[in-house]
Amino acid sequence: SMAVVPQNSIERSWNVMCLVIGLFVSALLISQLSARMVRVQTLNHDRLHQMDLLNRFLTEKGVPRILAQRIRRQIRERALVEKPLTVQDVPSLSLLPTTLKHELSCSIFARVMLRHSVFYIWCIVD
């Protein structure tokens, strides 16, 4: 292989600048990756803790192994199903003023209400 070395101060400055930028970019990528890994570990920790509690409960109560396996399978399957969020699931919505909460409720429930013929006609007349 051929060694490439800077010949003048401009090339040396460019070389140093590229190395520093590369250092910052690699540090940024590594920090983003490790932050995501910590988040995944935290989410998995909560789920594993719940399963450990379940296993402990089933063992302490002497639940037969076949039944315990069915229970674990059901819990794993139901844990994967995402339920739609409600207003109570979002605590920050309680900070909204009453008028804005009312507008939000109207916006959320208008589609459902307008499917009913009475409310649809009422909306058209109004």
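**Salt bridge, tryptophan and cysteines in the predicted model**

In this predicted model, the side chains of glutamate 60 and arginine 56 come together in a salt bridge, with 2.9 Å from N to O. The term covers a side-chain nitrogen of Lys or Arg within 4 Å of a carboxyl oxygen of Asp or Glu, and by this rule the count comes to 1 salt bridge. Both partners sit in helix H1 (residues 9–60), where their spacing of 4 residues separates them by about one helical turn. Helices here are DSSP runs of H or I with at least four residues, strands are E runs of at least two, and both are numbered from the N terminus. Glutamate 60 is exposed, at 53% relative accessible area, and arginine 56 is exposed as well, at 52%. On this scale, buried means under 20% relative accessible area, exposed means over 50%, and partly exposed lies in between (1.4 Å probe, protein chains only).

Helix H1 also holds tryptophan 14, an exposed residue at 54% relative accessibility. Its C-alpha atom is separated by 46 Å from that of histidine 45, 31 residues apart along the chain.

Turning to the cysteines, the count comes to 0 disulfides, a disulfide being a pair of cysteine sulfur atoms within 2.5 Å. Cysteine 18 is partly exposed, with a relative accessible area of 35%, and cysteine 106 is partly exposed at 41%.

Residues are numbered from 1 along each chain as its sequence is written, and side-chain values use heavy atoms, leaving out hydrogens and water. Local features need pLDDT of at least 70 and side-chain atom pairs count only at pLDDT 80 or more, while totals for chains, interfaces and linings use all residues.
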